[in-house]
Amino acid sequence: MAELGWVQRLFVERADLYIEIMNGTWSEGEQIAKSIAKIFRENGLDSGKVLDAFCGNGRVAIPLAMEGYEVVGVDFSLPFIEDAKLKAEKYGVKDRTRFLVSDAREIDRVLEGEKFDAVIIVSTSLGYFDGSTDEEILRKLRSLSKDGAILVIANTLHRETPGWRYCNKVFQRYGSLVLMEERKFDPIWSKLLSKWVIMRDDGEGNLIKELEVLTEIRVYTSTELAEILKRTGWGVDSIYGDIRRMEKFLPPCVHLSLVAKAIQT
Ligand SMILES: C[S@@+](CC[C@H](N)C(=O)[O-])C[C@H]1O[C@@H](n2cnc3c(N)ncnc32)[C@H](O)[C@@H]1O
């Protein structure tokens, strides 16, 4: 199995920092869950079994369970899964959620024999490997889904995301954490290459560096992603920009969201 490199460093070794970032954007997760539940209901799914394939600490899985769905969250980061379990208890959805540690590339083995009514992939969670690995993951997710199941890919970066073209330095604050991201785009391999520097504001005017990591993510156009989905058994029905507002996908918008259905291949 390929080395996880920066992914391991950011999401496992310094999971404490990324949990702070996810906690700082918890309300965004709630809004995403509301839109996803609306899409499910519009497609006749009022209840049922949902797989959150890269669930982090349950930022979306838990609010979705609060909407009445039975949610299974999978992530390769043990600290995220432990945090998700604690939060499920805190939010009163322990009986409607299950959180498991697994690499997405082995998800079919961990969930062998299960069939889902819907699958969600939220924030940019594909593109950490190469195109063929993403395809393999999507094929495995299809094999775990009922015919006609709904797939929502929500708020992922895409090739037309304007950020790294017009403004390659981004500063964001999450509580006492400050994230400085410096982005470059490699047009040959369609990769977003970023330097992440995470600093802690000590409250006395000092920023103390906690982590510096170089990230590398393959980004797709909407058409490339729709083609991969088609090859792996998912037919795209609709497209949005930011799913929280169900906005039209009109590049240059920051996010891409796709809704697809499980089809026969
Ligand atoms: C950008 S975060 C999104 C988390 C969550 N979906 C959210 O919106 O809060 C990407 C997630 O993918 C997980 N991840 C990365 N590579 C993975 C892999 N190979 N298998 C399973 N999870 C992985 C990380 O641990 C992280 O939680």
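A salt bridge here is a side-chain nitrogen of Lys or Arg within 4 Å of a carboxyl oxygen of Asp or Glu.

Some ground rules. This is a predicted model, in which local features need pLDDT of at least 70 and side-chain atom pairs count only at pLDDT 80 or more, while totals for chains, interfaces and linings use all residues. Residues are numbered from 1 along each chain as its sequence is written, and side-chain values use heavy atoms, with hydrogens and water left out.

Now the domains. The chain is divided into domain 1, which is 6–158 + 220–262, and domain 2, which is 163–218; these bounds come from an automatic or database domain assignment. Their C-alpha centres lie 23 Å apart. The contact (heavy atoms within 4.5 Å) takes 18 residues from domain 1 and 17 residues from domain 2.

How much area do domain 1 and domain 2 bury between them? About 1700 Å², with 68% of it on carbon and sulfur atoms. Buried area means the accessible area, taken with a 1.4 Å probe, that two parts lose on being put together, summed over both. On the domain 1 side, Trp 6, Leu 17 and Ile 21 supply 31% of the area buried against domain 2, more than any other three residues.

Between the two domains the count is three salt bridges. There are also five residue pairs in polar contact, both residues at pLDDT 80 or more. A polar contact is a pair of N or O atoms within 3.5 Å; within protein, one must be able to donate a hydrogen and the other to accept it, and residues adjacent in sequence count only if both atoms are side-chain atoms.

Which elements give two or more residues to the side of domain 1 that touches domain 2? Helix H1 (6–13) and helix H2 (15–24) do. H2 gives the largest share, four residues. Helices here are DSSP runs of H or I with at least four residues, and strands are runs of E with at least two, numbered from the N terminus.

Next, Lys 191, which is in strand E8, residues 191–201. The side chain of Lys 191 makes a polar contact of 2.8 Å with that of Glu 216.

Last, the ligand. A nitrogen atom of the ligand is 2.7 Å from a polar backbone atom of Ala 104, and a ligand nitrogen is 2.9 Å from a polar backbone atom of Val 122. Asp 103 has a polar side-chain atom 3.2 Å from a nitrogen atom of the ligand.
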